[in-house]
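Hi,

Here is the structure I promised to pass on to you. Please have a look at it first, and then read my notes below.

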Amino acid sequence: MRLFDLRLIIAFLFGLYGVVLVVIGLGFTSDDDLKKAEGVNINLWAGIAMAVLAAVFAAWATLRPQFADTDKQPLKEL
Amino acid sequence: MSILAEADLRLDAGPIDYALLIIYFVVVLGIGVMARRSVSSSLDFLLSGRSLPAWVTGLAFISANLGALELMGMTANGAQYGLATVHYYWIGAIPAMVFLGLVMMPFYYGSKVRSVPEFMRRRFGKPAHLVNAISFAVAQILIAGINLFALAVIIDALLGWPLPVSICVAALVVLAYTTLGGLSAAIYNEVLQFFVIVAALAPLTIVGLIKVGGWQGIVEKVTDQEQLSAWPATELTGINSPVWSVVGLVFGLGFVLSFGYWTTNFAEVQRAMSAKSMSAAKRTPIIGAYPKALIPAIIIIPGIIAALIVPEMAQLKSGDTSGGVAYNDVLPLLMRDLLPNGILGIAITGLLASFMAGVAANVSSFNTVFTYDLWQDYVKKDRPDEYYLRVGRLATVGACVLAIGTAFIAAALGGSNIMDYIQALFSFFNAPLFATFILGMFWKRMTPTAGWVGLLAGTFTAIFIYAISEPSFGIELLELPGQGASFLGAGLAFVVDIVVSVAVSLVTRPKPDSELGGLVYSLTPKADRAHGTTGEDAGWYRSPALLGGGVLALTTVLYFIFG
């Protein structure tokens, strides 16, 4: 059983989401968007939070590469 | 389905929202394709080769439950009943999850069974096993269909796709990744889905809180102050006496219903069985309990806020039902009112991901029970493992096709009512099942005959209570609106199951001790129940008992603050 590292997928997805949202938040936010969210640039802040989450998972996967039990003996069939 | 009634719920999704949604589905399918490479036996496919770390199985454990019913249902309860809804989490889940990890998991994981029904077979023999395996398999297909239907309704409402198209598309996506990657793909996606749901709900809650003026704003605006205290929750239980309402909550919801659900429902327990060691298996539900204790903050609070700031919802709450919305519409309405494009796409993704993971959990637990407990035990024994891997894959396809069928039945019957009925029926199966399990695990004298007789007696008791309290049946001897009837039914089912099991055991023959090692407390050496404390399981912070105590303490503190 050789499983790929889920932490890298989480880092990839939220890294991508984070960047997209930060770009929208900084460059493409209209006054209507701001008014809808009570003056908060929610895309920007949510994007930053997601980027941080991605960075944490990427760092974890880099520092502790062992993920699943890859060398496990198959269990005897019952 | 009354989930989304006539009101204008169409969200203003733009190209960027669709793009974020599509990225998610590409990743989900990619996980299926990649997980396929790691599957070389039926155990790999159906139990992830028992190789997953505890944080993964722990998050999957609560994600598998975080489907349509939970998201729509609990935000709706938040809008309707207010803060009392926290009982479903703090008393209705946390103690049972800790109990599963510390007390029951040693037997489930230690006996190396591959499913909950298999434990039933080894403890009580074939009649009890067959009853359990068949009722579980049928219930999973029905629930998968209802989840699929709920998913299709929301796709229809949010994005405007016709119902049959969205049912089939959703089923195909689930089918694709579970057939390819089996349980690993389902679990990986559940973990991913957990983070996406948090990413969807947290911004919604924060913007909502700012709009309403913070917690202070909620306290000032809520007219019925009882909605801001958790106890005694008389509205929620439908029991007028505060004392009995609390008894109903603690014994009915907190003990029987929740222990029955969390400790015997294989769709949940399967996640822990796929952990890589006894220690990781014990920690699985306990690690899941931490986010479970905190997640009401982003599920119930949006419900409370919606009742204050969404005009249609406030109108409904004041008793005027002409607005064309239902309490179930809380999330789409808040998304419509508060989220700009971009984060709106994440929120839509989160909702769809949640509903889909519900279907995947039903399908992936169904195929294990079908393959090992029905096909291997009763139809074709002693075939090579590749044969059962193939059966597992075909069972997945079969489950998805059947679920499309039950989804259309759900659509034809009109949805929300049968969702309630199935949930009620399912909880009636779980309460007696819990009684049988717990007695069988701690009393070696309990006989195989008592196993199935007690189970049937408990189930019939629950059905009887349901029948005499459900208004639509016309024999309403008990008047218990709200959740009171199912609390009472489950409680009585538990008691009857225990009494009947003890009585039958005293007059029938028990299994010899030699066949019960690893299955019964007094016949399992302590070493077999203990977990390793070396390597990946080392460290005081990985102690299941300590983690379990920690989450119980956290929950107690939360009750003191918000009770």
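**Notes on the two chains**

Over residues 7-30 of chain A, 88% of the chain is helix and 0% is strand, with the end C-alpha atoms 35 Å apart. Helices here are DSSP runs of H or I with at least four residues, strands are runs of E with at least two, and both are numbered from the N terminus. Residues 42-63 of chain A are 100% helix and 0% strand, and there the end C-alpha atoms are 32 Å apart. Both stretches carry the annotation "transmembrane region" in an unreviewed UniProt entry; its positions are given in the numbering used here, feature names are shortened, and such annotations may be inferred rather than shown by experiment.

Before I go on, please note that this is a predicted model: local features need pLDDT of at least 70, side-chain atom pairs count only at pLDDT 80 or more, and totals for chains, interfaces and linings use all residues. Residues are numbered from 1 along each chain as its sequence is written, chains are lettered from A and ligands numbered from 1 in the order in which they are written, and side-chain values use heavy atoms, with hydrogens and water left out.

Chain A has three helices and zero strands, in the order α-α-α from the N terminus. Of its 78 residues, 41% count as buried (under 20% relative accessible area; exposed is over 50% and partly exposed lies in between, with a 1.4 Å probe and protein chains only). Among contacts in chain A with a separation of 6 or more, 75% come from residues 24 or more positions apart (a contact means heavy atoms within 4.5 Å).

**Where the chains meet**

The contact involves 37 residues of chain A and 51 residues of chain B. Between them, about 3900 Å² is buried, and carbon and sulfur atoms give 73% of that (this is the accessible area, with a 1.4 Å probe, that two parts lose on being put together, summed over both). W55(B), Y188(B) and F195(B) provide 16% of the area that chain B buries against chain A, more than any other three residues. Zero salt bridges are counted between the two chains (a side-chain nitrogen of Lys or Arg within 4 Å of a carboxyl oxygen of Asp or Glu).

**Aromatic rings**

The whole structure holds 29 aromatic pairs. Rings of Phe, Tyr and Trp (its six-membered ring) pair if their centres lie within 6.5 Å; planes under 30 degrees apart are stacked, over 60 edge-to-face, and the rest tilted. One of the pairs is F57(A) with W55(B), tilted at 45° and 5.9 Å from centre to centre. F57(A) belongs to helix α3 (residues 42-63) of chain A and W55(B) to helix α3 (residues 54-63) of chain B, so this pair joins two chains. Both residues are buried. They also belong to one aromatic cluster that includes F14(A), Y17(A), W60(A), F194(B) and F195(B).

**Salt bridges and a charge over a ring**

Over all chains there are nine salt bridges. In chain A, R7(A) pairs with D5(A), with the closest N and O atoms 2.8 Å apart. R7(A) is buried at 2% relative accessible area, and D5(A) is buried too, at 14%.

In chain B, E118(B) and R114(B) form a salt bridge with their closest N and O atoms 3.1 Å apart. E118(B) is buried at 1% and R114(B) at 4%. R114(B) also lies over the face of Y372(B), 3.8 Å from the ring centre (NZ of Lys or CZ of Arg within 6 Å of the ring centre and within 35 degrees of the ring normal). Elsewhere in chain B, E515(B) bridges to K511(B), the closest N and O atoms being 3.9 Å apart. Shared partners link R114(B), E118(B), R121(B) and D377(B) into one salt-bridge network.

**Two loop residues and a helix**

Most residues other than glycine have a negative phi. K112(B), not a glycine, has a positive phi of about 60° and lies in the loop between α6 (94-110) and α7 (116-124) of chain B. D382(B) also has a positive phi, near 55°, in the loop between α18 (343-379) and α19 (385-413) of chain B. K112(B) is partly exposed at 31%, whereas D382(B) is exposed at 74%.

Lastly, helix α17 (residues 330-338) of chain B has seven of its nine residues buried, so it is largely enclosed by the rest of the structure.

Best wishes
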